[in-house]
Amino acid sequence: MLIGVLGPGEGAGQREMDDATLIGELVAKAGWAILTGGRVAGVMGAAAKGARAAGGLTIGILPTPDTLGASPAVDVVLATGLGEARNAVIALSANACVVCGMNAGTASEVALAIRAKRPVVLLRADEITAKFFRSLDTDVVRVAMSAGEAIEILRGVLVGAARPL
């Protein structure tokens, strides 16, 4: 399984980064790979560090045509040159997504994942954010209050939903 870990880059708060690190670790321990925006900043970098520390596979989709700025914790770096359009690649390539924090770029990824019927787990989402994304599709959007709960939700929704990477 390929789990997208989504969230702010430079604007990520400490709690979001701590959550992303733990999500990365737990995803790796579940035997799944993580997919991020590939950069060292914020949630992307934190999730990659957590997964790498736990021995997991990390994949990063960079918006740039080169690998400058890639997280050293990313095993497979894809320099796309797509700019923000790389958000579609992330959202549509993941089997499911966990969201640690929110900004405009993250919102675009979440909306694309929902439209593609990918399971989305919003971690510690505020009421307004949760209500908005649930209004788009109540079947695929879930809210978790901890990283452990997010992983348990993923286990539940991904059973029997495997598709080739």
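Colleague: In the predicted model, is the crossing of helices H1 and H2 left-handed or right-handed?

Modeller: The crossing of H1 and H2 is right-handed, which means that the near helix is turned clockwise from the far one by less than a right angle. The two helices, H1 covering residues 14-29 and H2 covering residues 42-53, pack at an angle of about 35°, and their axes are 7 Å apart.

Colleague: Which residues make the contact between H1 and H2?

Modeller: From H1 come Glu16, Met17, Ala20, Thr21, Gly24, Glu25 and Ala28, while H2 supplies Gly42, Val43, Ala46, Ala47, Gly50 and Ala51.

Colleague: How do the residues of that contact divide into nonpolar, polar and charged?

Modeller: The contact of H1 with H2 has 7 nonpolar, 4 polar and 2 charged residues.

Colleague: What makes H3 oblique to H4?

Modeller: Helix H3, residues 86-93, and helix H4, residues 104-115, pack at an angle of about 45°, with 8 Å between their axes. That angle makes H3 oblique to H4, because roughly parallel is kept for angles under 35 degrees and roughly perpendicular begins at 65. The crossing of H3 and H4 is right-handed.

Colleague: Where do H3 and H4 meet, and what classes of residue are involved?

Modeller: Asn87, Ala88, Ile90, Ala91 and Leu92 of H3 meet Gly105, Ser108, Glu109, Leu112 and Ala113 of H4. By class, this contact of H3 with H4 has 6 nonpolar, 3 polar and 1 charged residues.

Colleague: Which residues lie nearest the centre of the largest pocket, and what is its volume?

Modeller: The volume of the largest pocket is about 210 Å³, and among its 18 lining residues Gly7, Arg39, Met44, Arg86 and Asn87 lie nearest the centre. Strand S1 (2-6), H3 and H4 are the elements that give two or more residues to this lining, and the lining divides into 5 nonpolar, 8 polar and 5 charged residues.

Colleague: Which residues line the second largest pocket, and which element gives the largest share?

Modeller: The second largest pocket, with a volume of about 170 Å³, is lined by Arg15, Glu16, Asp19, Val99, Gly101, Met102, Leu122, Leu123, Arg124, Ala125, Asp126 and Thr129. H1 and strand S6 (120-123) each give two or more residues to this lining, and the largest share, 3 residues, is from H1. By class, the lining has 5 nonpolar, 2 polar and 5 charged residues.

Colleague: How do you know that Val143 touches Leu122 and Ala125?

Modeller: They are in contact because they have heavy atoms within 4.5 Å of each other. Leaving aside residues up to four places away in sequence, Val143 touches Leu122, Ala125, Ala130, Arg134, Glu149 and Ile153. Val143 itself is in strand S7, residues 141-144, and its C-alpha atom is separated by 18 Å from that of Met17, 126 residues apart along the chain.

Conventions:
Residues are numbered from 1 along each chain as its sequence is written. This is a predicted model: local features need pLDDT of at least 70, side-chain atom pairs count only at pLDDT 80 or more; totals for chains, interfaces and linings use all residues. Side-chain values use heavy atoms; hydrogens and water are left out. Axes are lines fitted to C-alpha atoms, for helices over the stretch in contact, and angles run from 0 to 180 degrees between N-to-C directions. Helices (H or I, at least four residues) and strands (E, at least two) are DSSP runs, numbered from the N terminus. Angles under 35 degrees count as roughly parallel, over 145 as roughly antiparallel, 65 to 115 as roughly perpendicular and the rest as oblique. Ala, Val, Leu, Ile, Met, Phe, Trp, Tyr, Cys and Pro count as nonpolar, Asp, Glu, Lys and Arg as charged, and the others, Gly among them, as polar. On a 1 Å grid over the protein atoms alone, a cavity is a set of points where a 1.4 Å probe fits but cannot get out, and a pocket is an open set with protein on both sides within 12 Å along at least five of seven lines; lining residues have an atom within 4 Å of a point. Grid points are joined across faces, edges and corners, and a volume is the space filled by probe spheres set on the points.
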